[in-house]
Amino acid sequence: MLAPRFSQPIDDDPGACSVPRGGGWRPGARWAQGALGTLPAPADIDALPAHQRPTMREMGRRSESADHPFRAMASDDGGPPGAPLPVRMAHRRANPWVKPMVLIARSGQRDVVTAACPAALELGLRPGMAAAHARALVTDLDVRDAEHDADAAWLDRLALHAVRHWTPTASACEPDGLWLDVTGTTHLFGGEARFCRRVLRFLQRLGFTASIAIAGTPGAAHALARFGRHAVTILPPRAEAQAIADFPLAALRLPADTLATASRFGLERVADLYAMPRGPLAKRLGLKTVERLDQARGLVAEPIVPVVPFEGPRAERRLLEPIVTAEAINQVIGNLLGDLVHDLQGRRLGLRTAILTCQRVDGLEQCIALGTARATRDARHLARMFAMRIERIDPGLGIEVMQLTAPRVEDLQPVALECGLVGTGLAPEISPLVDQLAGRAGDEALFRISAIESDVPERAVTRIAPLAATCGWPVWRRPVRLLKRPELLFNVVALLPDHAPRRFSWRRTAYRVAAGEGPERVHGEWWRSPREMWAVRDYFMVETGGGERFWLFRRGDGIDAPTGDLSWYLHGVFG
């Protein structure tokens, strides 16, 4: 065997290398040389703000060590028994029964990994990798087809759950996220941090792993949730630009062709776009890139289209020619009611509120609304109700679009009718009469009085809907007409402490009492107000010489001063 020949002696200590191993900046780059040709320290580069750091193209190539593609595979040549395994294989050897699994989908002319389980991630498999490459790296890989429809259905279910339990504004963010507008809602859960922990625990019970980010803009929240390093990230206000500066351009939700174009120009981070003029940036990467950048930094609004848990019944007519007469409007309303009633019958619902919207040719809208005392699907009754309000519509130059919606509906199931053999008839249906009276006199004109559990008389009654069920009334007698506020009496003559007054003046009229009954003592509700701790009222029913009967009370028990000032009031009038 021939030994190699060297023309110069070998130097065993050549000194420090000008290009150290393990990564570093190429000293030949123009930016790295600096003004005096010296190499800047990495700490100086990291100290600069993210938007002021030079681009990778200016700094030159960066040499980084890369893992060998077959490093994660188990060796077939045996090896010494005590040889250490690679770090990525430790999880695989520690859990021999865990079989790695990936999901693949067709992308162009090849299959691409769309998701990987934790065991597959430990072995070096990543989403976006070619399926053939993944099979080559791991021999016993469980490969399954991705079901995008099932994933979308899960996202829709989660969005509906969020609307019902967390926030009224939620939407699915395909393929693997949710938008939640938590403005004004997190205080109900103890703050933003506790809200995020609650959502994470809920998803863990369902078997999902997730990361949550709260930011001032949807674009920044999207980037932090997918490219951040923490499971929960809560960003302070107006810190979006600095937070996403070091993220790759994929964090801006740009298409693949735009990312490929940016890579050819040497643009890798979001901060690389901050200093670029808008004109050249839009010309090279498209207007969508400028829009996404502005949305992430909060310069352009990005509304979230919320998911609607229930789509209300509606009917619409687009007319060939504008209409202006009341007869034509009534005819179109009848057609709309026919379509709406058919939709309500299919859902077994009844209408409680209806809104008619008429769009004129000049762009203005005329709206009229009506409500019903009970859920109904009677088209004739609803047509009469709209006919009573048709004079409120100003057609102007003509109406070209009419729309009828039902924002409030209730269940309306079939009702079993009695046979009538025992002579018991059905109670008359008065809801149409109530609706017509309310249409003429107003919704506030019709009401019923119901009792409330309270000892104070003015708090013991309330107004309810005309057809609502009332609660049970107390056994003691009360006047037919109860004043909204007790009225002070003057010139009262009474014998203390337990006798009704002999005479009094009310509304500038003097009355002499012929008979009286009482007192009925009522104490204040101390749990409502501390001022009612010792308050006492003594009520009397009196009849005057002219036949009038009143309900009076005296403040105080007539003995202890803290119970009242002994002033008299009239609170009600008997029939």
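These legends go with several close-up views of a predicted model.

The model is a prediction, in which local features need pLDDT of at least 70 and side-chain atom pairs count only at pLDDT 80 or more, while totals for chains, interfaces and linings use all residues. Residues are numbered from 1 along each chain as its sequence is written, and side-chain values use heavy atoms, with hydrogens and water left out.

Figure 1. Let us begin with the strands. Strands (E, at least two residues) and helices (H or I, at least four residues) are DSSP runs, numbered from the N terminus. Strands of a sheet pair through backbone hydrogen bonds, either parallel or antiparallel. Two strands count as paired if DSSP finds at least two bridges between them. In this view, an open sheet with antiparallel pairing has seven strands, in the order β14-β20-β19-β18-β17-β16-β15. Why is one side of β14 and of β15 left without a neighbour in the sheet? β14 and β15 (490-494) stand at the edges and each has a single partner strand, so one side of each has no neighbour there. On average, neighbouring strands are turned by 30° against each other, direction ignored. Such angles run from 0 to 180 degrees between N-to-C directions, using axes that are lines fitted to C-alpha atoms, for helices over the stretch in contact.

Figure 2. A hairpin of six residues links β15 to β16, and the two antiparallel strands are joined by three bridges. Phenylalanine 490 has serine 505 of β16 as its bridge partner. Next, β16 (residues 501-506) runs antiparallel to β17 (residues 509-523), with four bridges between them. Arginine 503 has arginine 512 of β17 as its bridge partner. Most residues other than glycine have a negative phi, and most peptide bonds are trans. The bond from leucine 496 to proline 497 is cis, with omega near 5°, and proline 497 sits in the loop between β15 and β16. The bond from glycine 518 to proline 519 is also cis, with omega near 10°, and proline 519 belongs to strand β17.

Figure 3. Six bridges join β8 to the antiparallel strand β11 (residues 399-411), and alanine 315 stands opposite leucine 404 in β11.

**Figure 4. Two helices crossing, α14 and α15.** The axes of α14 (residues 326-347) and α15 (residues 379-387) come within 10 Å and cross at roughly 145°. The crossing is right-handed, a name used if the near helix is turned clockwise from the far one by less than a right angle, and left-handed if anticlockwise. Contact (heavy atoms within 4.5 Å) is made by Asn330, Ile333, Leu337 and Val341 of α14 and by Ala379, Leu382, Ala383, Phe386 and Ala387 of α15. By class, this contact has eight nonpolar, one polar and no charged residues. Ala, Val, Leu, Ile, Met, Phe, Trp, Tyr, Cys and Pro count as nonpolar, Asp, Glu, Lys and Arg as charged, and the others, Gly among them, as polar.

Figure 5. A pocket is an open set of points on a 1 Å grid over the protein atoms alone, where a 1.4 Å probe fits, with protein on both sides within 12 Å along at least five of seven lines; lining residues have an atom within 4 Å of a point. How much space lies in the second largest pocket? About 700 Å³, a volume being the space filled by probe spheres set on the points, which are joined across faces, edges and corners. Of its 24 lining residues, Ile449, Pro457, Ala460, Val461 and Leu482 are the closest to the centre. The elements giving two or more residues to the lining are β12 (448-451), β13 (461-464) and β14 (481-488). The lining has 15 nonpolar, three polar and six charged residues.
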